[in-house]
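Biologist: I would like to learn how to read salt bridges from a model. Please take me through this case.

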Amino acid sequence: MKLTEVIRRPLITEKTTGMREEVQTLVFEVARDANKIDVRRAVEKLLGSKVAEVRTSLTHGKTKRQGRWVGRRPDWKKAYVRLKAGEKLPDFLEGA
């Protein structure tokens, strides 16, 4: 799996912004079949920051209705990446 396929997008919410400022933890949506080692390698290569810890969680898709038709959103995986002490946050996340 390519490094750019592992990390899909950063998740930017109020909760993740607080985590980024307080404990230097970045949150990403990652590929469902990516493991912690893949996520660590991708972050270190693409962002140039050393990783201290990676935690992953599988988020189940919601059931949505449109009138009488029922559909389901796909499951997706989330990764919490804590950077080592003294590491600089990536530039694209500085003002977000």
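Biologist: How many salt bridges does the structure hold?

Modeller: Side chains of opposite charge can pair when their charged atoms come close. A salt bridge here is a side-chain nitrogen of Lys or Arg within 4 Å of a carboxyl oxygen of Asp or Glu. The structure holds three. This is a predicted model, where local features need pLDDT of at least 70, side-chain atom pairs count only at pLDDT 80 or more, and totals for chains, interfaces and linings use all residues. Residues are numbered from 1 along each chain as its sequence is written, and side-chain values use heavy atoms, with hydrogens and water left out.

Biologist: Which residue forms a salt bridge with R9?

Modeller: E29 does, with the closest N and O atoms 2.7 Å apart. E29 lies in strand β2 (residues 25-30) and R9 in strand β1 (residues 7-10), so the pair ties together parts 20 residues apart in sequence. Strands (E, at least two residues) are DSSP runs, numbered from the N terminus.

Biologist: Is E29 buried or exposed?

Modeller: Buried means under 20% relative accessible area, exposed over 50%, and partly exposed in between (1.4 Å probe, protein chains only). E29 is buried at 16%, while R9 is partly exposed at 43%.

Biologist: What does E53 pair with?

Modeller: E53 forms a salt bridge with R82, the closest N and O atoms being 3.1 Å apart. This pair links strand β3 (residues 51-59) to strand β6 (residues 76-83), across 29 residues.

Biologist: Where does R72 come in?

Modeller: R72 bridges to D75, with 3.4 Å between the closest N and O atoms. R72 is exposed at 54%; D75 is partly exposed at 21%.

Terms used: Helix = DSSP H or I, 4+ residues; strand = E, 2+ residues; numbered from the N terminus.
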